[in-house]
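The sequence and structure come first.

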Amino acid sequence: DWTMGSFIDQTCEEVRQQVGDDHVILGLSGGVDSSVAAALLHKAIGDQLTCVFVNNGLLRSNEAETVQRVFGDNFHVKLKYVDASTRFLKKLKGVTDPERKRKIIGNEFVRVFEDATKQLTRGKKSKFKFLAQGTLYPDVIESVAIGGNPASLIKSHHNVGGLPKNMKFKLVEPLRQLFKDEVREVGAQLGLPKEIVQRQPFPGPGLAVRILGEITKERLRILREADAIVVAEMKASDWYYRVWQSFAALLPVRSVGVMGDERTYAQTIAVRIVESQDGMTADWVRLPYDVLAKISSRIINEVKGVNRVCYDISSKPPATIEWE
Ligand code: XMP
């Protein structure tokens, strides 16, 4: 499409003007916005861009690998991968309160990002003068109109958004005139794969907002395996790209089941599949029973420690999309 093509050319030119010979750092989450921002900036300024990808230990299966493959191997973007999972999981040990989980994750993210930036600049002349963000037009409007909207505050806090206050960066926000569908189009034109540009939203605090109760390595393992099955079956049945979100959540409930002659006492997975325009309201998807049946039987047969799968048939409001 010529409109997005000329947007790309014009924005690259503007970014070059703004940045000059200086260096830019960008927190890459693997979501649509930061990914397209990274690809666009890479086209504009090449190696003057460094991306930092933080593994907080709360990622879905294969997420870190996908980002490294797409941006490191394919695009040759300068990418610093920080495995901070131990740090995050230590801080989250024993914590069950959802707001405390969010606070811990938000604070720890800022620390890890600062440490990474310091390490990247140590002993070098080229300090990062600019911080790039994948801010979209609706985010710009929202932050102007925010008026104490707690949902927006939570979101900005946990996205790579509200970053280091005591680090003096100038901002580069190449997507701030675009809506989501335009961002996806720009991403596609820049050569990003469909699995990135059409991906469903995933919250900054990651699987922490899909595990009720304590976050442990074992519970993360269970949720990751169950979630990977939901995603795989949604893609196989051609439903994945037709819904807003489809994922698994791990409930804080164990119940009795049978397996052969054995009595089991195992965990419960909730499957959440919703349609929505903007995440503010949502309805559960009337998925065909055979797709649900496949998801359920695969999770119960393949994920050790689960003996029950429920389908969430609540709309938002009053339920939220995530389970936390
Ligand atoms: P809820 O659960 O509040 O979620 O109905 C609405 C939408 O927002 C996403 N979400 C987040 N996204 N950081 C994000 O970037 C967050 O902290 C966060 N919490 C929820 C959620 O996935 C859904 O699409």
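How far apart do the C-alpha centres of domain 1 and domain 2 lie? They lie 29 Å apart. The model is predicted: local features need pLDDT of at least 70, side-chain atom pairs count only at pLDDT 80 or more, and totals for chains, interfaces and linings use all residues. Residues are numbered from 1 along each chain as its sequence is written.

**Domains**

The domain assignment gives domain 1 as 2-197 and domain 2 as 211-311; such bounds come from an automatic or database domain assignment. Domain 1 gives 6 residues to the contact and domain 2 gives 7, where two residues are in contact if their C-beta atoms, placed from the backbone, lie within 7 Å. On the side of domain 1 that touches domain 2 there are 2 nonpolar, 3 polar and 1 charged residues. In this classification Ala, Val, Leu, Ile, Met, Phe, Trp, Tyr, Cys and Pro are nonpolar, Asp, Glu, Lys and Arg are charged, and the others, Gly among them, are polar.

**Helix pair**

Helices (H or I, at least four residues) and strands (E, at least two) are DSSP runs, numbered from the N terminus. Helix H10 (residues 217-236) packs with helix H11 (residues 289-302) at an angle of about 150°, and their axes are 10 Å apart. Axes are lines fitted to C-alpha atoms, for helices over the stretch in contact, and angles run from 0 to 180 degrees between N-to-C directions. H10 and H11 are therefore roughly antiparallel (angles over 145 degrees count as such). In the contact, H10 contributes Glu 225, Ala 226, Ile 229, Val 230 and Glu 233, while H11 contributes Val 291, Lys 294, Ile 295, Arg 298, Ile 299 and Glu 302. By class, this contact has 6 nonpolar, no polar and 5 charged residues.

**Strand pairing**

Strand E7 takes part in each pairing below; two strands pair if DSSP finds at least two bridges between them.

| Pair | Direction | Bridges |
|---|---|---|
| E6 (residues 245-259) and E7 (residues 262-275) | antiparallel | 12 bridges |
| E7 and E9 (residues 306-311) | parallel | 5 bridges |
| E7 and E8 (residues 283-284) | antiparallel | 2 bridges |

Val 274 of E7 is the bridge partner of Gln 245, and Val 274 also has Trp 284 in E8 as a bridge partner. Thr 268 stands opposite Arg 308 in E9. The hairpin of E6 and E7 has 2 residues between the strands, and Gly 260 there takes a positive phi near 60°.

Conventions. Parallel < 35°, antiparallel > 145°, perpendicular 65-115°, else oblique.
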